Amino acid sequence: MQKIVVGLSGGVDSSAAAAILHHQGYEVVGLTLWLMRGKGQCCSEGMVDAAHICEQLGIPHYIVDSRDLFQTHIIDYLVEGYGAGITPLPCSQCNRAVKFGPMLGYASTELNINHIATGHYARVSYNSQCDRHQLKRAVDRTKDQSYFLYDLTQDLLAGVVFPLGEVPKSETRRIAAQYNLKTADKPESQDLCLVEANGSMRAFLDKYITGKKGEIVDTEGRVLGEHDGIHHYTIGQRRGLGISAAEQLFVLSIDPGRNRVVVGDRDRMTQTECTIRRVNWVSIAPPSEPIRAEVQIRYRSKPLPVTVVPLSSEADPQIGSRVRLIFDEPIFGITPGQAAVWYSEDLLLGGGVIERPTS
């Protein structure tokens with residue numbers, strides 16, 4: 001039997017993935033990463049449920065203390081980003097630096113196993129014509145999580161299996177119930193793990209960043225109100241600004257140097273271009289000429305037509321390789337720090353971090 005390590009968070013998806021592989025005849029080993037203290041699927045509650053699933057399936061279970069990695073790559077990363085006036089996306093960073101890489105390394109060095117599986121909804125295959133492992137959307141587009149996996153390298157994709165890539169979410173629940181798994185009826189987490197553990201992103205950030213009062217101004221520099229810390233604001237935000245105006249106002253930019261939040265009307269939130277740093281080309285080799293694609297600038301945003309223009313063949317070590325995205329139509333709410341991921345139909349071509357919007 002082929003051996004495989006399954007990353008178990010304690011949720012229904014990873015539990016079903018383990019059950020599917022076990023039923024298919026794999027010699028399955030469960031692995032849970034201890035990311036932080038507190039409640040949530042990635043913490044104490046999740047570890048207990050993951051252990052219970054392994055007991056039900058009759059498979060070994062290992063727990064790896066990954067709190068230092070999580071602190072460095074996620075908590076410090078978020079705190080630094082929000083303090084600098086951007087809104088980082090932690091999930092892609094976490095998948096590459098905290099989960100997939102370390103899990104595959106542990107499986108290989110400690111267990112002599114060369115493949116891992118997770119409960120993500122995505123598909124991966126090898127294309128011999130271009131000699132690349134290719135990442136595709138899940139069959140169930142409503143649950144597709146490939147957006148969060150754009151930063152996985154070829155080495156990581158070579159060792160990853162996604163058992164739920166072809167499975168509708170409704171079938172996942174049925175599979176979990178079929179094997180009488182404890183997690184079959186477990187509610188899904190609706191928030192980031194840090195939000196779930198701390199109650200809100202604001203509460204989490206307030207543990208690490210001391211708020212400093214400053215001005216909320218319009219694009220002409222007129223003072224409209226006062227804020228209690230720039231880390232409480234994100235680009236595109238319109239609720240909770242704490243100011244009254246005749247028209248709806250949105251956060252247009254955040255100026256950490258002057259400790260200011262700049263607001264304006266919706267029209268000023270649309271952009272025709274933006275630059276992307278730390279680009280990872282996934283399913284195709286880095287192109288030397290512009291290509292056409294469809295881009296998502298948020299997980300749930302509609303894919304929109306775009307031209308992807310490579311900016312330089314020599315990557316800056318601080319920001320990696322860069323591209324410019326030129327949209328067919330202006331896009332609302334482009335947020336520095338978030339991920340932009342581009343596709344050709346179901347094939348994920350590449351992605352990166354939004355650097356700055358340009359008009």
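Biologist: Is Asp 65 buried or exposed, or partly exposed?

Modeller: Relative accessible area is computed with a 1.4 Å probe on protein chains only; under 20% is buried, over 50% is exposed, and in between is partly exposed. Asp 65 has 45% relative accessibility, so Asp 65 is partly exposed. This is a predicted model, where local features need pLDDT of at least 70, side-chain atom pairs count only at pLDDT 80 or more, and totals for chains, interfaces and linings use all residues. Residues are numbered from 1 along each chain as its sequence is written, and side-chain values use heavy atoms, leaving out hydrogens and water.

Biologist: Which side chain meets Asp 65 in a salt bridge?

Modeller: Side chains of opposite charge can pair when their charged atoms come close. A salt bridge here is a side-chain nitrogen of Lys or Arg within 4 Å of a carboxyl oxygen of Asp or Glu. Asp 65 pairs with Arg 67, at 2.7 Å from N to O.

Biologist: How many salt bridges are there by this rule?

Modeller: The count is 20. One of them joins Lys 169 to Asp 13, with 2.7 Å from N to O. Lys 169 is in helix H6 (residues 169-178) and Asp 13 in helix H1 (residues 12-23), so the pair ties together parts that are 156 residues apart in sequence. Helices are DSSP runs (H or I) of at least four residues, numbered from the N terminus.

Biologist: Are Lys 169 and Asp 13 buried or exposed?

Modeller: Lys 169 is buried at 11% relative accessibility, and Asp 13 is buried at 14%. Salt bridges also link Asp 13, Lys 143, Lys 169 and Glu 188 in a network.

How values were computed
Helix = DSSP H or I, 4+ residues; strand = E, 2+ residues; numbered from the N terminus.
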